[in-house]
Structure formats: C-alpha cells, structure tokens
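Try each task before reading its solution.

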Amino acid sequence: MPTSPIAVVTGAYRGLGLETCRQLAEKGYSVVLTARRGPEGRSAVEALEAQGLEVEFQPLDVLSEDSMRHLAAVIAQRQGRLDVLVNNAGIFPGPSPGSPGASVFDASLEVIRQGFETNTLAALRLCQLMIPLMKGRGRVVNVSSGMGQLSEMNGCCPGYRLSKTALNAVTRIFADELKGTGIKVNSVCPGWVRTDMGGDAAPLGVSEGVRGILWAATLPDDGPSGGFFRHGEPIPW
C-alpha cells in the first residue's frame with residue numbers, strides 16, 4: 001500500500017483539475033487523476049509523470065453509478081484508503097451570460113437537470129462512496145462558484161447557479177454529519193479563471209485559481225469545515 005497521502009481529483013485531464021493534480025503531487029501526494037475521456041486522461045498523466053510526479057489515471061464518468069462504484073472499489077483495493085477528494089468535475093449547462101436564452105424565463109428544465117446531475121448529485125454520490133475510505137480523517141473539496149452564492153444571486157444561467165447553490169448545501173450537510181471526526185468538507189470558489197469554461201477574458205490564471213482548492217485539500221487538523229472559501233478566505237453563502 002502507498003505510504004504517501006492519497007488524493008482523487010475528478011474531471012482532471014485539463015484546467016483546474018489538472019493543475020490541482022500537479023500541485024498536490026508536487027506536495028508529495030499520490031494522485032489519482034480521473035476523467036471521462038480516457039485518451040486525454042492518460043495523456044495528462046503521462047505529462048505529469050514525465051515531470052517525476054506520482055500520478056495515475058482512473059476512468060470516471062460521474063453520470064454513471066457503475067463507474068463511480070468501480071473507482072471506489074479500485075481505491076479500496078489498491079490504495080487501501082483515501083485522504084483527499086476534490087469534486088472538480090462540472091459543466092456550465094445552457095447559454096452563457098449575455099447569450100439569447102440565458103434568462104430563467106427561457107431555461108429548459110432538461111438543461112437544469114443536466115446541471116444538477118453533474119455538478120451536484122455526482123459530488124454527493126462520490127462523497128457517499130469515498131468518505132468511508134477516509135477512515136475518520138480526510139479532506140473533501142467541492143469546487144463551487146460565486147454564481148451559487150445566495151447572498152449575491154443575480155439573474156441568468158439558472159442551470160449553473162442552482163446546481164452550485166445545491167452543491168454548497170451538500171457541503172454543509174456532510175460537514176455537519178461528520179462533526180467530531182477528522183474529516184473536513186468545504187466548498188471552494190476558485191474565482192473567474194482562464195479555462196475552457198471560464199474563457200479567455202477571465203482575470204485569473206489556472207495556478208491562481210487552484211490556490212484555494214489546494215488550501216482546502218491540505219488543511220491542518222484545526223482547520224475549518226462546512227465553509228465556503230475563495231483563495232483561502234471565507235465568503236458568504
């Protein structure tokens with residue numbers, strides 16, 4: 001069994017997920033990079049391994065119960081435990097801000113369901129399957145968004161906004177039920193980052209966006225749980 005701490009990152013063949021894998025591996029974690037797209041995931045792992053980092057690929061389709069169960073079984077068999085789960089896999093369903101059809105009045109319920117399935121329910125199910133592997137001590141990072149803040153909720157993009165607000169509720173529920181254990185569950189907004197989802201106009205580079213994710217993934221034993229953070233600082237729900 002590996003002696004290094006074990007981290008699983010979902011949706012990790014590019015962008016924030018890939019950089020999270022890189023930075024965790026640089027800190028000495030044995031990282032399991034997961035992605036639905038096998039060739040891209042394996043290529044990402046090969047690039048990180050070429051840098052001398054300890055990373056392996058496991059396929060994961062967060063919309064498939066069988067795929068999620070298989071990942072949990074592989075981690076249990078090969079690693080024997082889990083120390084960090086980063087629920088990074090996500091989509092921006094429906095039209096982007098400023099586009100025709102982005103209004104809540106035009107929103108398709110099917111598009112909203114797609115947002116919930118990927119951004120909320122998949123993270124919830126992975127928490128159910130993976131937290132028991134932490135054996136009472138670990139870190140869960142749910143990658144959320146300021147667009148899910150009720151305190152600053154605006155119009156537009158309900159498929160994304162609603163799914164991230166609900167993801168924050170998932171964080172709160174698990175954190176409360178895990179009080180008294182060594183497991184910490186937090187939501188993190190990485191900010192507006194230059195990724196395929198964030199676009200070229202975003203002010204933050206990927207490494208800057210990952211800073212808060214890494215902070216939450218490597219919290220000390222006296223760190224917070226059940227909070228919402230951006231760049232390591234609390235923000236309103």
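A residue counts as exposed when its relative accessible area is over 50%, as buried when that area is under 20%, and as partly exposed in between. Keep in mind that this is a predicted model.

**Exercise 1.** Find the salt bridge between D221 and R139, and decide whether each partner is buried or exposed.

*Solution.* Start with the distance: the closest N and O atoms of D221 and R139 are 3.2 Å apart. Now apply the cut-offs. D221 has 55% relative accessibility, so it counts as exposed. R139, at 3%, is buried.

**Exercise 2.** Which residues are linked with R125 in a network of salt bridges?

*Solution.* The network joins R125 with E65 and R69. Look at R125 and E65: their side chains meet at 2.7 Å, N to O. R125 is buried at 19%, whereas E65 is partly exposed at 31%.

**Exercise 3.** How many residues of α1 are buried, and what do they pack against?

*Solution.* Helix α1 spans residues 15-26. Of its 12 residues, 10 are buried, so the helix is largely enclosed by the rest of the structure. Among them are L16, L18 and L24. The buried residues pack against strands β1, β2, β3 and β4, and also against helices α2 and α6. Finally, step just past α1 to G28, which has a positive phi of about 95 degrees.

How values were computed
Residues are numbered from 1 along each chain as its sequence is written. This is a predicted model: local features need pLDDT of at least 70, side-chain atom pairs count only at pLDDT 80 or more; totals for chains, interfaces and linings use all residues. Side-chain values use heavy atoms; hydrogens and water are left out. Helices (H or I, at least four residues) and strands (E, at least two) are DSSP runs, numbered from the N terminus. The expected span of a helix is 1.5 Å times one less than its number of residues. Buried means under 20% relative accessible area, exposed over 50%, partly exposed in between (1.4 Å probe, protein chains only). Contact means heavy atoms within 4.5 Å. A salt bridge is a side-chain nitrogen of Lys or Arg within 4 Å of a carboxyl oxygen of Asp or Glu.
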